[in-house]
Amino acid sequence: MPRGARDLPELYRTFLTALGGAGASPFYGLLPLQSCRLFTMDPQGEPGRPRGFTFAAGPPHRGDLFLHIIEAGCSDLVLIGITGPLAGRVVTGNADGFWGPNVSSAADFLAWYERWLDHMLDGRDNRDLDLTSPALRAPTDRILRQHRDRKDLSRP
């Protein structure tokens, strides 16, 4: 864990202190800060082979630090850069290097989070983040509900 809250990127720290430390986000939700773990990006290996991430168990660690902030399942990670040139940027990747890191085009955590909220509000499906907005799910939910209602009416 970073030495303290002051080590977190400013806009992520502001989000945690002003809006809350866990909750809605892509995948399985924002991790509470006490559950977040530090990782380093693996060094570049063979050409064409994706880079993974390694848990930074404690000092000394080599490379820039990334904080695991969103549970994505299995060995997939959503991280925020803590040190180095990607500090404050959201990075998705796979700990085992099954697929390479993807740095968000959003300049910081708040811009990234607001983009996600806008996608959900506009009903945009985002297959890259394995998300379906409530607006896009609504027709399916309505069909299932109507089907259940018909079954209930046919019962004696």
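# Talking through a predicted chain

Colleague: What makes up the chain?

Modeller: There are 3 helices and 6 strands in the chain. Helices (H or I, at least four residues) and strands (E, at least two) are DSSP runs, numbered from the N terminus. Starting at the N terminus, the order is α-β-β-β-β-β-β-α-α. Keep in mind that this is a predicted model, where local features need pLDDT of at least 70, side-chain atom pairs count only at pLDDT 80 or more, and totals for chains, interfaces and linings use all residues. Residues are numbered from 1 along each chain as its sequence is written, and side-chain values use heavy atoms, with hydrogens and water left out.

Colleague: What is the average pLDDT of the chain, and which elements have the lowest and highest means?

Modeller: pLDDT is the predictor's confidence in each residue, from 0 to 100. The chain averages 80, and 76% of the residues score at least 70. Among the elements, helix α3 (residues 134-154) has the lowest mean, 54, while β4 has the highest, 95.

Colleague: What makes β2 and β6 edge strands?

Modeller: Let's begin with the sheet. The 6 strands form an open sheet, ordered β2-β1-β3-β4-β5-β6, with antiparallel pairing. Each of β2 and β6 (102-103) pairs on one side only, and these are the edge strands. Two strands pair if DSSP finds at least two bridges between them.

Colleague: Why is S104 called buried?

Modeller: Buried means under 20% relative accessible area, exposed over 50%, and partly exposed in between (1.4 Å probe, protein chains only). S104 has 12% relative accessibility, so S104 counts as buried. You'll find S104 in the loop between β6 and α2 (109-122). Across the chain, buried residues make up 36% of the 156 residues.

Colleague: Which residues does S104 touch?

Modeller: Contact means heavy atoms within 4.5 Å. Leaving aside neighbours within four places in sequence, S104 is in contact with R89, V90, W112 and R115. The S104 side chain also reaches the backbone nitrogen of A106 at 3.0 Å.

Colleague: Why is H61 called partly exposed?

Modeller: H61 comes out at 35% relative accessibility, so H61 counts as partly exposed. H61 sits in the loop between β2 (53-55) and β3 (65-71). Not counting residues up to four places away in sequence, H61 touches T40 and A56. H61 and T40 are 21 residues apart along the chain, and their C-alpha atoms are separated by 7.7 Å.

Colleague: And what makes phi worth a look at F27 and C74?

Modeller: Most residues other than glycine have a negative phi. Yet phi of F27 is near 60°, a positive value, and phi of C74 is near 50°, also positive. F27 lies in the loop between α1 (10-18) and β1 (38-41), whereas C74 is in the loop between β3 and β4 (76-81).

Methods:
Polar contact = N/O pair within 3.5 Å; in protein donor to acceptor, adjacent residues only side chain to side chain.
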